[in-house]
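Here is a short report on one protein. Keep the sequence and the 3D view open as you read.

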Amino acid sequence: MMSLFDSADFNERLFFPRDDRTPPPDGARELDVEGDETLHVRCYRASAGLPTVLLFHGNGEVVSDYNDQAPLFAKSGANLAVMDYRGYGRSTGTPTLRNALADAHRVLAAVHAVATPVIVMGRSLGSACAAELYAKSPDGVIGFVIESGFVDLGALIRRRGMKAPAELAPADRTAFDAERKLAKGRLPLLVLHGGDDTMIVPAEARRAHAAAGASDKELVVIPDHGHNDVSLSPLYWEALQRFVQGITGER
């Protein structure tokens, strides 16, 4: 029996691809990760001495949405690389959750080949990719950030307008349960979430933070901000800078 997570109905409700051919801003370069489909990564380089945040962005977003944020990451102590899921931006193919998780590994490998060390970050939908990699504690990765992320698979299914099964199959839990994956990892973790987020409630951030196997982990719930405006708060960038400095030894 096919998994609900592999059904066209679920994935068409989950992903909202956007085409985008915006040229890179000055100082940024494009990286095409080849495979059964070509995945587009935009690398913003501020300094050769900084770690690189590899960002798996939120749903409906594309890499060019982060052109203006790259300098803010640099001020926080990190270069930025952003990837587009299949069917988004310049990436080819059709997005599915299973493909996104598999693609996360080869995108990380490609970015790690040109930039090290790496901090993996997942925003909203991208938190699934971050959790997938967190479980593996990959070489060259020194920390993880989850922003506005989810761990409740039943709630994810219901947000797609579908009925969640009373019990998920063990294979689906293994493949898609972020909470279980976070429990396997040990690398430093920062969880950022808006206190007024009604799309993915702050309780999911607390669950993610509690589940993580790291001893070095921090939860920052930002008051008066929701799902899509959390990065507008100075507290967001202060927390990110503190985290980057803490794991790189810079003070």
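## Helix α3

The expected span of a helix is 1.5 Å times one less than its number of residues. Helices (H or I, at least four residues) and strands (E, at least two) are DSSP runs, numbered from the N terminus. The 18 residues of α3 should therefore span 26 Å, and its end C-alpha atoms are 26 Å apart, which agrees. α3 bends by about 25° at Asp 103. That bend is the angle between axes fitted to the seven residues ending there and the seven starting there.

Buried residues in α3 include Leu 97, Ala 100, Leu 101, Asp 103, Ala 104 and Val 107. Buried means under 20% relative accessible area, exposed over 50%, partly exposed in between (1.4 Å probe, protein chains only). An α-helix has 3.6 residues a turn, so residues three or four places apart point the same way.

## About the model

This is a predicted model: local features need pLDDT of at least 70, side-chain atom pairs count only at 80 or more, and totals for chains, interfaces and linings use all residues. Residues are numbered from 1 along each chain as its sequence is written, and side-chain values use heavy atoms, leaving out hydrogens and water.

## Overall build

The protein has nine helices and eight strands. Its C-alpha trace spans about 50 × 35 × 35 Å along the principal axes. Of its 251 residues, 55% count as buried.

## Nonpolar cores

A nonpolar core is a set of buried Ala, Val, Leu, Ile, Met, Phe, Trp, Tyr and Cys residues joined through side-chain atoms within 4.5 Å. The largest has 56 residues, and Val 41, Phe 56, Val 120 and Phe 144 have the most contacts inside it. Helix α3 (residues 97–114) gives the largest share of this core, eight residues. Apart from this core lies another, of 26 residues, among them Val 63 and Phe 243.

Look at Phe 56. Beyond its neighbours within four places in sequence, its contacts (heavy atoms within 4.5 Å) include Tyr 85, Ala 104, Val 107 and Val 120.

## Aromatic pairs

How many aromatic pairs does the structure hold? There are eight. Rings of Phe, Tyr and Trp (its six-membered ring) pair if their centres lie within 6.5 Å; planes under 30 degrees apart count as stacked, over 60 as edge-to-face and the rest as tilted. Tyr 85 and Tyr 88 are edge-to-face, at 5.5 Å centre to centre and 80° between the planes. Both are buried.

The ring centres of Tyr 236 and Trp 237 are 4.8 Å apart with planes at 70°, so this pair is edge-to-face. Tyr 236 and Trp 237 are buried. Ring pairs also link Phe 5, Phe 10 and Phe 176 into a cluster.
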